[in-house]
Amino acid sequence: MRVLCVFGKHQYGDPSRGLGIEYISFIPALKKLGHEVLHFESWDKDNYKDFSDLNKKLLETVITFEPKIVLTVHMSYEIWAETIDIISARDGVKTISWAADDSWKYKEVSRFIGRHYHAMTTTYDYIVPRYHKDGIRNVLLTQWAAPENWLSEPLPAKDCQYEVSFVGAAHGSRIKRVEELKKNGIEVTCFGHGWPAGPVPAERIPFIIRNSKISLNFANSYGENQIKARTFEVPGCGGFLVTENARNIEKFYENGKEVIIFDTDKELEDLIKYYLANPEERDDIAQNGFSRTAREHTYVNRMESILNYSSSVEPYNRKKNNNSSLEKSIKYHRKTYLLTAIRKIICGLLCVIFGKRRGPRAARRLVFGLSWRFLGHHTFTAKGFPGRMFPDL
């Protein structure tokens, strides 16, 4: 069947950051399952005049392509609730949204958009009851995985090019933690946004992981630690994973047999030194992790379960909408002199504090934070203040 994938091609919609995990994983998996797939760019705003242009083109694509499934990943408020309603009300269409950051994003985004979809997914079991409490019934518990074309048998430690590597952005406490490892005699080669080596092409990531004696994964995030895509990618690529602990990780891998899990930085240091000194144990664990991943944790597995779930959910029960509804919404999505003035004042103040580059983004985050807290669902409609005030950020 036809599947329309609505998310960014690049990480955070920024081409300089390389291809996004959703783009390199979801689309090939769906194609491997035999479906006709079309990608719609929804994160890179340089492709559109404003959010009304994005939503109008999205609806036009749905009308032209006539998908049976529309799979979205929201970055924030780029897809209007009205647009989702119109698509969800079309005959023969099921709408699904992948919400992987619900540990913090549920309260900011998912609970407001979820009622407009046929189904939501989440990677957090404890969030499912919150969906149900908020009247969002169709929720599938899923998880990240490894891309099929990244699967590769592990190399022996003696054949690896890197001692210890980390692939990921240099944010939060990661820089400090890597520096601390280096002070204690452990050389870590880092790749990604914010590191001196910079981002690496997506197609090179499997090579780096497979050619590392040890691949690190830091689970820190906004909120509690997360099971990240890298948790599955490293063993899937034939790497040896040493990962920071996160809730429920033991449901996917056995600690000490398929991956290595640490809780403290001192424990991490000791584990790295131990497995560098014991390559045979390292090789056995890497092989076990790869076998488990190839068997259970690929995106073909995940996408198949999502599509199967979508076929079982109830029909959309909102009043049917049509294209004229979106035209009406577009009329509401406009700047006003008051909103323009407020934006200038907020940006001016925050530019003084954070500088001309970071100030406008800080202003957008402030307006968005106030909007979802006090105006809730309104934030994700055509009338939403963040989208009208900051269409360019």
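Which residues of the largest nonpolar core touch the most other members? In this predicted model, they are Phe26, Leu30, Trp98, Trp144, Tyr299 and Met303, out of the 48 residues that make up the core. Several elements build it together: strands E1 (2-7), E3 (69-72), E4 (94-99) and E7 (162-167), along with helices H1 (21-32), H7 (205-210), H8 (229-236) and H11 (299-312), each supply at least two residues. The largest share comes from H1, with six residues. In soluble globular proteins, nonpolar side chains tend to be buried together.

Leaving aside neighbours within four places in sequence, Phe26 is in contact with Phe7, Ile21, Leu71, Val73, Trp98, Trp144, Tyr299 and Met303. A second, separate core holds 45 residues, and Phe65, Ile79, Ile86 and Tyr117 are among them.

The packing of H1 against H11 comes next. Two packed helices are described by the angle between their axes and the distance between the axes. For H1 and H11, the axes come within 9 Å and cross at roughly 70°, which makes H1 roughly perpendicular to H11. On the H1 side, the contact is formed by Ile21, Ser25, Phe26, Ala29, Leu30 and Lys32, which meet Tyr299, Val300, Met303 and Leu307 of H11. By residue class, this contact divides into eight nonpolar, one polar and one charged.

Turning to the strands, an open sheet is formed by five of them in the order E8-E7-E9-E10-E11, with parallel pairing. Strand E8 (188-191) and strand E11 (260-262) stand at the edges; each has a single partner strand, so one side of each is left without a neighbour in the sheet. From one strand to the next, the twist averages 25°.

Within this sheet, E9 (residues 212-217) pairs with strands on both sides. E7 and E9 run parallel and are joined by four bridges, and Phe166 stands opposite Leu216 in E9. Three bridges join E9 to E10 (residues 241-244), again in parallel. In this pairing Ser215 has Leu241 of E10 as its bridge partner, while Asn217 stands opposite Thr243 in E10. E9 is mostly covered, with five of its six residues buried.

Helix H6 (residues 174-183) lies across E7, E8, E9, E10 and E11, and runs at about 155° to E8. H8 lies across E7, E9 and E10, and runs at about 170° to E10.

Another strand pairing involves E4 and E5, which pair in the parallel sense over four bridges; Ser97 has Met120 in E5 as its bridge partner. In a regular strand the side chains alternate between the two faces of the sheet. In E5 (residues 119-122), Ala119 and Thr121 point one way and Met120 and Thr122 the other way, and all are buried.

Asp102 is found in helix H4 (residues 102-113) and, at 1% relative accessibility, counts as buried. Not counting residues up to four places away in sequence, Asp102 touches Ser110, Thr121, Thr122, Tyr124, Ile127 and Tyr131, and Thr121 and Thr122 belong to E5. The C-alpha atoms of Asp102 and Ser16, 86 residues apart along the chain, are separated by 26 Å.

His10 is found in the loop between E1 and H1. With a relative accessible area of 18%, His10 is buried. Beyond neighbours within four places in sequence, its contacts are Pro15, Gly18, Leu19, Gly20 and Trp43.

Methods
Residues are numbered from 1 along each chain as its sequence is written. This is a predicted model: local features need pLDDT of at least 70, side-chain atom pairs count only at pLDDT 80 or more; totals for chains, interfaces and linings use all residues. Side-chain values use heavy atoms; hydrogens and water are left out. A nonpolar core is a set of buried Ala, Val, Leu, Ile, Met, Phe, Trp, Tyr and Cys residues joined through side-chain atoms within 4.5 Å. Buried means under 20% relative accessible area, exposed over 50%, partly exposed in between (1.4 Å probe, protein chains only). Contact means heavy atoms within 4.5 Å. Axes are lines fitted to C-alpha atoms, for helices over the stretch in contact, and angles run from 0 to 180 degrees between N-to-C directions. Angles under 35 degrees count as roughly parallel, over 145 as roughly antiparallel, 65 to 115 as roughly perpendicular and the rest as oblique. Ala, Val, Leu, Ile, Met, Phe, Trp, Tyr, Cys and Pro count as nonpolar, Asp, Glu, Lys and Arg as charged, and the others, Gly among them, as polar. Two strands pair if DSSP finds at least two bridges between them.
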